[in-house]
Amino acid sequence: MPLIPAQRLAAADKILFIAHLAIGDFTYLQNFFKAFAEANPHLKVHIWIDEVRRTGDQAKWGYLKNYALYDWAENCPFFDKVYRRTYSPQLLAASIAEARAEHYPLVVSLATLRPAQYAGLARAAGGPDAWVVGMKRKPRWYAPSDFFAYGKLDASFAPFAGFAGYHITDVYADWFRQLSGLAVDGAARYPFVDIPQQWRDAVAGQLAKWGVTPDVPGLATGKPRLVFINPFAKTRKRCWPVPKVVDLIGALQQMDEWRATTFVINATPQEIEQAKAQVADRLPPNTHWFSAQQNFFQLPALLQRSGLIISVETAVMHLANAVHVPVVALMRRKNPEWAPIDRERSTVIMAAKRSDWVDAIDVQEVLEVLR
């Protein structure tokens with residue numbers, strides 16, 4: 001039986017999903033929200049993107065309130081409302097009050113981190129009359145609050161039964177199958193992104209300033225005119241050192257077939273100045289820095305104009321599939337389920353040992369693939 005009884009689903013006029021999402025998560029999970037909205041056209045789908053870095057420190061609010069994922073979610077036509085103001089305790093309380101005023105008949109928590117806490121949040125947002133579904137772990141014997149929190153759920157997801165070679169989309173597909181019987185398979189799981197013309201035009205202007213014409217057919221050598229390199233992820237374990245990026249570009253530029261190629265190194269707004277300083281005295285020619293400072297869509301707009309993307313295991317790696325550009329992905333062995341889903345356009349270089357971080361991947365290994 002589905003976790004949302006068919007009668008309740010049919011009678012509801014709206015549903016609230018609560019999730020803590022990184023851009024990489026959303027790159028795949030959006031397909032399931034879209035399919036759910038299409039299968040239930042009578043429902044307005046609202047999403048609460050919770051900020052797990054919530055803090056009372058006002059100095060950090062500027063960055064948190066401009067999280068790029070909000071730009072993307074608010075541009076998705078299958079969401080009627082996006083909750084994006086949860087980055088401080090005060091705004092969390094205000095958002096809960098706002099949600100309570102909606103009188104949601106259905107609330108679903110897709111939070112896998114601290115599921116007991118989110119079970120409580122889902123009930124608080126939905127109020128006493130909502131049908132609340134959430135993630136559930138075995139309660140900790142030393143935390144009676146877990147039993148109390150899970151008692152606020154009307155239904156809970158069964159754990160995903162992993163299998164050899166599964167992809168993260170298999171996990172998400174299992175959630176929505178349990179939730180309402182929804183089936184999302186094959187190409188319907190491939191990521192996508194609809195880039196507003198405003199940001200396509202902005203990137204075209206930037207490329208013109210750089211003197212890059214990536215829309216012209218490829219060089220006689222068959223090598224791309226524009227290569228986008230992203231060495232940064234949220235954790236150091238998944239980052240590739242900037243000096244290695246510079247070494248890679250330098251080695252490629254020694255080859256005749258790569259000399260006409262322009263390289264772009266990506267960094268987040270918080271990281272870019274420090275990254276520039278690391279290699280300020282030896283940045284190769286035809287190499288530019290990039291950061292999506294204004295809007296999320298600056299990033300996929302530039303990715304779409306690239307001929308090749310090289311990225312560590314983070315959002316850029318998945319967005320490469322969304323814009324249908326070949327990608328070389330640098331990954332640890334720890335989470336193979338997060339490999340890019342479009343295998344035809346993706347080449348994965350894994351670190352040698354399971355304990356290795358991405359920085360263990362050598363420049364020579366990447367060069368061999370590019371050759």
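This is a short tour of the structure, one selection at a time.

The model is predicted, so local features are described only where pLDDT is at least 70 and side-chain atom pairs only at pLDDT 80 or more, while totals for chains, interfaces and linings use all residues. Residues are numbered from 1 along each chain as its sequence is written, and side-chain values use heavy atoms, with hydrogens and water left out.

**The whole protein**

Begin with everything shown as a cartoon, where there are 14 helices and 12 strands; helices (H or I, at least four residues) and strands (E, at least two) are DSSP runs, numbered from the N terminus. The C-alpha atoms fill a box of roughly 70 × 40 × 40 Å along the principal axes. Buried residues make up 54% of the 371 residues, where buried means under 20% relative accessible area, exposed over 50% and partly exposed in between (1.4 Å probe, protein chains only).

**Helix α8**

Next select residues 168–180, which form helix α8, with 13 residues and a reach of 19 Å from its first C-alpha to its last, close to the 18 Å expected at 1.5 Å a residue; the expected span is 1.5 Å times one less than the number of residues. Because 11 of its 13 residues are buried, α8 is largely enclosed by the rest of the structure. Among the buried residues are Tyr172, Trp175 and Phe176, and what covers the buried residues of α8 includes β1 (14–19), α2 (23–39), β4 (106–109) and β5 (131–134). Just after α8, look at Gly181, which takes a positive phi of about 85°.

**Helix α6**

Now move to residues 115–126, helix α6, whose 12 residues reach 16 Å from first C-alpha to last, close to the 16 Å expected. This helix is mostly covered, with 10 of its 12 residues buried, including Pro115, Tyr118 and Arg123. The buried residues of α6 pack against several elements, among them β2 (44–49) and α5 (89–102). Gly127 follows α6 and has a positive phi, near 80°.

**Two single residues**

Pick Pro139, in the loop between β5 and α7 (144–150), which is partly exposed, with a relative accessible area of 23%. Not counting residues up to four places away in sequence, Pro139 touches Asp146, Phe147 and Tyr150, where contact means heavy atoms within 4.5 Å.

Then pick Lys81, found in strand β3 (residues 81–83). The side chain of Lys81 makes a polar contact with the side chain of Tyr83 (3.5 Å); a polar contact is a pair of N or O atoms within 3.5 Å, and within protein one must be able to donate a hydrogen and the other to accept it, while residues adjacent in sequence count only if both atoms are side-chain atoms.

**The six-stranded sheet**

Finally, select the open sheet of six strands in the order β9-β8-β7-β10-β11-β12, where the pairing is parallel; two strands pair if DSSP finds at least two bridges between them. At the edges stand β9 (287–290) and β12 (346–350), each with a single partner strand, so one side of each is left without a neighbour in the sheet. Inside the sheet, zoom in on β10 (residues 308–312) and β11 (residues 327–331), which run parallel and are joined by four bridges, with Ser311 opposite Ala329 in β11.
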